[in-house]
Amino acid sequence: MLMIVYLAVLALPLLLPLYLLYKLRRVHLLLHDVRDDVRGGHDRLFRQLEALQGLYVELQLEHSLPPTRGWAGSPDFLLEVARQVRSARPRLVVECSSGVSTVVIARSLQRNGSGKLYSLEHDADYARQTRAQLLRHGLQDWATVLDAPLVAHPLGADNWPWYDLAALPQDIAIDLLVIDGPPQATHALTRYPAAPLLFPRLAPGAMVLLDDANRPDEQAALQRWAAEFPALVQSSRPCEKGCAMLTAPQMP
């Protein structure tokens, strides 16, 4: 026992510098990680500020937009939506969830001089807030926010809580479908039902934009959509939270 203690005492001066070197190395690596995270955060913030500035230029608004953080669409996604509306000039747009995106789409349609937006909103208070924003911007004639509470839709072997479509006109052909709801906590694969319930109403050449496409549930929904609607071509756009684009075939 004394020999072991003696050897440990002799080894201590050698082991201590090695231990300190190990700890210094760990601190050095952590500092590099922190620096990269800070730098990446600054880069992401700068890109969103650029997109927000571009959005105001694109829309030429007289009043400010509601906040674009938290649950709202990110500026880069909203800019993508605005540009698609301006370039494709859809006659009819349907949006899953309302908010700042409703103002963006309605203003884009107004600048086009044609088109109509129907926005599905499950939260009655939020629907009222969106209608107030449309009035503030003078866009109430270009968009209709529908009270669409979440109801059970039998799809396959399951019942899925999704927007009530009773108020949505039945005879419409959707040129642009923007999917940014329901909230993720509603149900697993909460945005999957948009496909079986609304894709059959897409017009030839229609476009679908899915926000939050980087999340696992949205990735799983995209895989199911690809299997169930193989004619729709899937692609992506480089947005903060991920943006998937699906394009329907043109009429032969």
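Reader: Which residues does Ser108 touch, not counting residues up to four places away in sequence?

Author: This is a predicted model, so every value here is computed from it. Ser108 touches Leu59, Ala82, Val85 and Arg86 under that rule. Ser108 itself is found in helix H3, residues 100-112.

Reader: Is Ser108 buried or exposed?

Author: Buried means under 20% relative accessible area. Ser108 has 0% relative accessibility, so it counts as buried.

Reader: What does the side chain of Ser108 reach?

Author: The side chain reaches the backbone oxygen of Val104, at 2.8 Å.

Reader: How does the span of H2 compare with the expected one?

Author: From its first C-alpha to its last, H2 reaches 20 Å, close to the 20 Å expected at 1.5 Å a residue.

Reader: What follows H2?

Author: Arg89 follows H2, and its phi is positive, near 50°. Arg89 is not a glycine. Its place is in the loop between H2, residues 75-88, and strand S1. At 42% relative accessibility, Arg89 counts as partly exposed.

Reader: What is phi in Ser97?

Author: Phi of Ser97 is near 95°, again a positive value in a residue other than glycine. Ser97 lies in the loop between S1 and H3. Ser97 is buried, with a relative accessible area of 13%.

Reader: Where is Arg91, and is it buried or exposed?

Author: Arg91 lies in the loop between H2 and S1. Arg91 is exposed, with a relative accessible area of 64%.

Reader: How far apart are Arg91 and Lys116 in sequence and in space?

Author: Arg91 and Lys116 are 25 residues apart in sequence, and their C-alpha atoms are 6.2 Å apart in space. Leaving out residues up to four places away in sequence, Arg91 touches Gly115, Lys116 and Asp175. For the chain, residues 24 or more positions apart account for 69% of the contacts with a separation of 6 or more.

Reader: How should I read a helix with a buried side?

Author: An α-helix has 3.6 residues a turn, so residues three or four places apart point the same way. Take H6 as the case: Glu218, Ala221, Leu222 and Trp225 are buried. They cover an arc of only 105° around the axis, which puts them on the same side of H6.

Reader: Which exposed residues are on the face of H6 turned away from its buried side?

Author: That face carries the exposed residues Pro216, Gln223 and Ala227.

Reader: What covers the buried residues of H6?

Author: The cover includes S6, H5, S7, strand S8 (233-237) and S9. As for its span, H6 has 13 residues and reaches 19 Å from its first C-alpha to its last, close to the 18 Å expected.

Reader: How do I read a nonpolar core?

Author: In soluble globular proteins, nonpolar side chains tend to be buried together. Here the largest nonpolar core has 36 residues, and Val94, Leu177, Ile179, Leu198, Phe199 and Trp225 touch the most other members. Among the elements that give two or more residues to this core are strand S1 (92-96), strand S6 (174-179), helix H5 (194-198) and helix H6 (216-228).

Reader: Which residues does Phe199 touch, not counting residues up to four places away in sequence?

Author: Phe199 touches Leu177, Ile179, Ala194, Val208, Trp225, Phe229, Leu232 and Leu246. A second, separate core has 32 residues, including Leu59, Leu117, Leu134 and Val145.

Reader: Which peptide bond is cis?

Author: The bond from Gly181 to Pro182 is cis, with omega near 0°. Pro182 has its place in the loop between S6 and H5.

Reader: How many helices and strands does the chain have, and what share of its residues is buried?

Author: The chain comes to six helices and nine strands. Buried residues make up 42% of its 252 residues. The accessible surface is about 13,800 Å², of which 61% belongs to carbon and sulfur atoms.

Methods
Residues are numbered from 1 along each chain as its sequence is written. This is a predicted model: local features need pLDDT of at least 70, side-chain atom pairs count only at pLDDT 80 or more; totals for chains, interfaces and linings use all residues. Side-chain values use heavy atoms; hydrogens and water are left out. A nonpolar core is a set of buried Ala, Val, Leu, Ile, Met, Phe, Trp, Tyr and Cys residues joined through side-chain atoms within 4.5 Å. Buried means under 20% relative accessible area, exposed over 50%, partly exposed in between (1.4 Å probe, protein chains only). Helices (H or I, at least four residues) and strands (E, at least two) are DSSP runs, numbered from the N terminus. Contact means heavy atoms within 4.5 Å. Accessible areas come from the Shrake-Rupley method with a 1.4 Å probe; for residues, only the protein chains shown count as cover. The expected span of a helix is 1.5 Å times one less than its number of residues. The arc is that of the directions from the helix axis to the C-beta atoms. A polar contact is a pair of N or O atoms within 3.5 Å; within protein, one must be able to donate a hydrogen and the other to accept it, and residues adjacent in sequence count only if both atoms are side-chain atoms.
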